[in-house]
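Biologist: I would like a close look at a single part of this model. Please keep to what can be computed from the atoms.

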Amino acid sequence: ELLRQAPAWRKLRMVEDTNRSVKDLLMTGLRQRFPQASPAMLRRRLADLWLGPELGALAYGPVPEAG
């Protein structure tokens with residue numbers, strides 16, 4: 001009921017806060033999985049998680065293979 005009564009700006013703020021928390025958690029997981037990755041590479045991998053690999057590749061190019 002409280003959510004239903006909340007003004008639109010408050011609901012948008014809640015969505016923004018939730019999205020930020022999810023991205024923070026994803027970045028923490030990526031840093032653990034890829035400890036040697038640069039910040040740019042971590043952001044690139046985040047795009048795959050957030051957008052999906054196909055859209056991430058279209059938007060940012062393929063993820064370079066480690067080698």
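Biologist: Does Glu-16 count as buried, partly exposed or exposed, and at what relative accessibility?

Modeller: Glu-16 counts as partly exposed because its relative accessibility is 41%. On this scale buried means under 20% relative accessible area, exposed means over 50%, and partly exposed lies in between, with a 1.4 Å probe and protein chains only. This is a predicted model, in which local features need pLDDT of at least 70 and side-chain atom pairs count only at pLDDT 80 or more, while totals for chains, interfaces and linings use all residues. Residues are numbered from 1 along each chain as its sequence is written, and side-chain values use heavy atoms, with hydrogens and water left out.

As for its place in the chain, Glu-16 is part of helix α2, which covers residues 8-33. Helices here are DSSP runs of H or I with at least four residues, numbered from the N terminus. Between the C-alpha atoms of Glu-16 and Ala-57, which are 41 residues apart along the chain, the separation is 24 Å.

The partner to look at is Arg-20. Both Glu-16 and Arg-20 belong to helix α2, where they are 4 residues apart, about one turn of the helix. Their side chains are joined by a polar contact of 2.8 Å (a pair of N or O atoms within 3.5 Å; within protein, one must be able to donate a hydrogen and the other to accept it, and residues adjacent in sequence count only if both atoms are side-chain atoms). Glu-16 and Arg-20 also form a salt bridge, with the closest N and O atoms 2.8 Å apart; that term requires a side-chain nitrogen of Lys or Arg within 4 Å of a carboxyl oxygen of Asp or Glu. In general, side chains of opposite charge can pair when their charged atoms come close. Arg-20, at 42% relative accessibility, counts as partly exposed.

Arg-20 has a salt bridge to Asp-17 as well, at 3.2 Å from N to O. Asp-17 and Arg-20 are 3 residues apart in helix α2, so about one helical turn separates them. Asp-17 counts as partly exposed, with 33% relative accessibility.

The structure holds 4 salt bridges. Another of them links the side chains of Arg-44 and Asp-48, at 2.7 Å from N to O. This pair sits in helix α3 (residues 39-51), 4 residues apart, and is therefore separated by about one helical turn. Arg-44 counts as buried because its relative accessibility is 10%.

Definitions and conventions: Helix = DSSP H or I, 4+ residues; strand = E, 2+ residues; numbered from the N terminus.
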